[in-house]
Amino acid sequence: MRNTLLSKFLIVSALLMSFTGFAKDAKEAGEAPEKDKKTEIKEYIEHHLKDSHSFSLFSYTKDNGEHVYIDVPLPVILWDEGLKVFSSSRFHHGETLAEVDGSYYKLYHNKIYETNADGEIRYNEEHKVLNEKPLDLSITKNVVMIFITGLLILWIFSSLARSYAKNNNMPKGFGRFMEPIVLYIRDEIARPNIGEKRYRKYMPFLLTIFFFIWFLNIFGLTPLGVNVTGNIAITFALALMTFLITSFTGTKTYWKHLFDPLGDTMPWYAKVPLYIILVPIELLGTIVKPFSLLIRLYANMTAGHIVLMSLIGLMFIFKSWIGSPLSFALAFAISLIEVLVALLQAYIFTMLSALYFGFASEEHHEEHEGEIAHL
Amino acid sequence: MEKLLSDFSLGLFVWMTVLFLILLGLLRKFAWGPILNAVNDREEGIRSALAAAEDAKREMQNVTADSEKLLKEARAERESMLKEAREIKEKIVSDARDLAKVEGDKMIKQAQLTIESEKKAAVADIKNQVAELSVAIAEKVLKEKLSENKKQLELVDSLLGDIKMNA
């Protein structure tokens, strides 16, 4: 059961956060069961946090119960005994099956499953879907956003780079605002953490992850409703790259420290019993470090989106002159904080990556700055 | 955790990795490389310009110090030359004075000697002349006196009387 006008306004204002007037209108929409509204908001938030096969702008439900989606369908690319490419519009938002080359595919909870001709979804006793899942290489909403962000970053910084050549090594145009940030990353993140001699080779990666995460975080706050950096696959990929770079640029000292953490401080027979515990801990530490990066970024961005959307959802639950403006004010305040969090998380990811690179590329065991490495 | 794993999309992961690596490569070639090089060049330029300015300043200071030193030296030299000149002058003057004194003394002594000898000569001359004059006078007187016999006798008498009185 749906309150049509209400859900319409819920969705539109969730996406276009700046319209207060809707909370007021929602009051006129009549009574709807409280539980339903809450579930609807919850489902909406969950849906938003996930990746999607179409670039949805907004959707609403007509008075006759028909769902109307305003979106851009994106190409679906499946590897299922051969490459299969078709438009996501054929799923009709999960309402219909897509038949491609004799196979049937169903979009179910944002995932594509292979089904029989009736579109049957089979479950096991733990309510897990048993249907076969083809390898889904679709250009999803997140892929599109990565693409757009990548082009944007490329455009901004290559134009900055070109402006130097034309302008006697002085920045010009929009890049002027970005140059201090580039310098900050170099002077405050890379140099102190990695060291004067070795920081150069890490600079491209550090700059790229910083701007990539930052821009995507900011895009996450726009009414486009994208949640790229709050997706576990994205943060996993980023953290994996940090891990691989740390491992492959690790010096002899770094690896020696991993397998021989105590060094020459005690004889070998004393080290053996200790190392049974110490070496696995050290090895685990190398994985835990990037894993913390992965979870930190994912959790922060996801939490931010949930909080923001819940506060916006609250407007429709309160439906009062006091509650709704209050939750709007709160949502506004939180979104300002989220702008800061967007920058902060990009900074932390870059900073910690630089720190790990610094430990890995250390030539001699100079000063071990505390045990920050194990954080 | 299970939810995280079920949310994990391999396709998205593959796209992300591929796109990110392409982006990294492109940015490295077209953006970060040129930007960092340009910034480094600029900083190098600023550093060398500052160093050059510092050098110029030091040189300027050196020049000033040098000229000051030269000036001081010149002043000291002038001072010492003046002093020397004064000393020389004084020495010359005192030497001259000494010499003059010695010469003068010598001359005075000579003059005195000359005067003495002249005086002696003059005295001797006067004596001679006096003697000659007195002889001549005596001669004349005698001639006068002895022009008459009587007087001659008288004279002889007086003379004899003198002699007698003396004897």
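This is a predicted model: local features need pLDDT of at least 70, side-chain atom pairs count only at pLDDT 80 or more; totals for chains, interfaces and linings use all residues.

Q: What makes E5(A) and E6(A) a pair?
A: Strand E5 (residues 98–100) and strand E6 (residues 103–108) of chain A are joined by three bridges. The rule asks for at least two, so they pair, and the sense is antiparallel. In this pairing, Glu99(A) has Tyr104(A) of E6(A) as its bridge partner. The hairpin has two residues between its strands, and Asp101(A) there takes a positive phi near 50 degrees.

Q: How do you know that E6(A) also pairs with E7(A)?
A: Five bridges link E6(A) to strand E7 (residues 111–115) of chain A, again antiparallel. With at least two needed, the pair qualifies, so the label holds. Leu107(A) stands opposite Ile112(A) in E7(A). Two residues lie between the strands of this hairpin, where His109(A) has a positive phi near 50 degrees.

Q: Which strands does E3(A) pair with, and what makes them partners?
A: Strand E4 (residues 83–87) of chain A runs antiparallel to E3(A) and is joined to it by five bridges. Strand E8 (residues 135–136) of chain A, also antiparallel to E3(A), is joined to it by two bridges. Two is enough under a rule of at least two, so E8(A) counts as a partner. Ile77(A) faces Val85(A) in E4(A), while Leu78(A) stands opposite Asp136(A) in E8(A). In the hairpin of E3(A) and E4(A), with three residues between the strands, Glu81(A) takes a positive phi near 55 degrees.

Q: Why are the side chains along E3(A) said to alternate?
A: In a regular strand, side chains alternate between the two faces of the sheet. Along E3(A), residues 75–79, Val76(A) and Leu78(A) point to one face and are buried. The cut-off for buried is 20 or more other C-beta atoms within 10 Å.

Q: What makes chain B more spread out than a compact globule?
A: Chain B has three helices and zero strands, in the pattern α-α-α. Its radius of gyration is 65 Å, whereas the globule rule gives 15 Å for 167 residues, so chain B is more spread out than a compact globule. Its C-alpha atoms fill a box of roughly 200 × 30 × 10 Å along the principal axes. Buried residues make up 7% of chain B.

Q: Which residues of chain B touch chain A, by class?
A: The contact takes 29 residues from chain B and 34 from chain A. H2(B) gives the largest share of the chain B side, 25 residues. By class, that side has 22 nonpolar, three polar and four charged residues.

Technical notes: Residues are numbered from 1 along each chain as its sequence is written. Chains are lettered from A and ligands numbered from 1 in the order in which they are written. A residue is buried if 20 or more other C-beta atoms lie within 10 Å of its own, exposed if 12 or fewer, and partly exposed in between; C-beta atoms are placed from the backbone. Helices (H or I, at least four residues) and strands (E, at least two) are DSSP runs, numbered from the N terminus. Two residues are in contact if their C-beta atoms, placed from the backbone, lie within 7 Å. Ala, Val, Leu, Ile, Met, Phe, Trp, Tyr, Cys and Pro count as nonpolar, Asp, Glu, Lys and Arg as charged, and the others, Gly among them, as polar. The radius of gyration is taken over C-alpha atoms; the globule rule is 2.2 Å times the number of residues to the power 0.38.
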